[in-house]
Amino acid sequence: MIPYNTRQTKLALPEYGRLVHEMIDICGGIEDRDSRNAFAAVIVETMKAMTQEKGKFPDDRKYWDHIHAISAGQLDIDYPYGTPQEAAEQEPPKKIPYSASDFGRRHYGHILQKLVREVAMMPNSEDKDACVELLATHIKKSLVVNNSENSTDEIVLSDLAAMSSGKIQVEEGLFDLPEYKEEKPTKTAKKKKNNR
């Protein structure tokens, strides 16, 4: 009589199935360490074959970690990458430094505001005027996306002056800023199925 899975022991990692769990149990019962290591390598190859189509893990380390987890750390083998506990005891990764400074006009993003500051430091020239016009155009585009009701040229030039700490002052009407419309997603008609 085949036992129901509900009456069997719970699997630590069910995605590998009961067979892999039983193989790890068998591996733990092998007395010779070299044979045990070789059998564990076969188990890793089996696990890889089960998940290879999905491309689940690019390297073998995760499989060895899973063997350690399934055996509840009781399998005494030479782990090629060390046990997860050993990896955890190593120096933790360094924290990513985040900018603590809060800045206004977040909807434009850091990059645009950095560009405005760079352009503000340029000497007066035709290139600077072209850059200022491009920035104003991009600012207007961003305003339409984030707040289409308040996307006037006056607000664009005011924000440009504020982001450049007053170094970029443009008279209204100097640039012919294009008008952008907020595009609404169009509804697509559903195709009717022909019942034949």
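Reader: What should I know about the source and the numbering?

Author: This is a predicted model, in which local features need pLDDT of at least 70 and side-chain atom pairs count only at pLDDT 80 or more, while totals for chains, interfaces and linings use all residues. Residues are numbered from 1 along each chain as its sequence is written, and side-chain values use heavy atoms, with hydrogens and water left out.

Reader: How many helices and strands are in the chain?

Author: The chain has seven helices and zero strands, where helices (H or I, at least four residues) and strands (E, at least two) are DSSP runs numbered from the N terminus.

Reader: And what share of the residues is buried?

Author: Of the 196 residues in the chain, 30% are buried; buried means under 20% relative accessible area, exposed means over 50%, and partly exposed lies in between, with a 1.4 Å probe and protein chains only.

Reader: Which aromatic pair does a search of the whole structure find?

Author: The search finds one aromatic pair. The ring centres of W64 and Y79 are 6.3 Å apart and the planes stand at 85 degrees, so the pair is edge-to-face. For this, rings of Phe, Tyr and Trp (its six-membered ring) pair if their centres lie within 6.5 Å, with planes under 30 degrees apart counted as stacked, over 60 as edge-to-face and the rest as tilted.

Reader: Where do the two partners sit in the chain?

Author: W64 belongs to helix α3 (residues 61–70), whereas Y79 is in the loop between α3 and α4 (84–89), and the pair links these distant parts of the chain, 15 residues apart.

Reader: Are W64 and Y79 buried or exposed?

Author: W64 has a relative accessible area of 9%, so W64 is buried, and Y79 counts as buried because its relative accessibility is 12%.

Reader: What about the rest of α3, is it mostly covered or mostly open?

Author: Helix α3 is mostly covered, with seven of its ten residues buried; among them are Y63, D65 and H68. R61 also lies in α3, but R61 is partly exposed because its relative accessible area is 27%. The C-alpha atoms of R61 and P80 are separated by 7.9 Å, although these residues are 19 apart along the chain.

Reader: Switching topic, how do α6 and α7 cross?

Author: The axes of α6 (residues 126–146) and α7 come within 9 Å and cross at roughly 115 degrees. Axes here are lines fitted to C-alpha atoms, for helices over the stretch in contact, and angles run from 0 to 180 degrees between N-to-C directions.

Reader: Which residues meet there?

Author: From α6, V132, L135, A136, I139, K140 and L143 meet D153, I155, V156, L160 and M163 of α7, where contact means heavy atoms within 4.5 Å. The residues of this contact divide into nine nonpolar, no polar and two charged.

Reader: What does D159 touch?

Author: D159, which lies in helix α7 (residues 153–163), touches R105 and Y108, not counting residues up to four places away in sequence. D159 has a relative accessible area of 10%, so D159 is buried.

Reader: Last one: where is S165, and what is its phi?

Author: S165 is in the segment after α7, and its phi is near 55 degrees, a positive value in a residue other than glycine.

Key:
Ala, Val, Leu, Ile, Met, Phe, Trp, Tyr, Cys and Pro count as nonpolar, Asp, Glu, Lys and Arg as charged, and the others, Gly among them, as polar.
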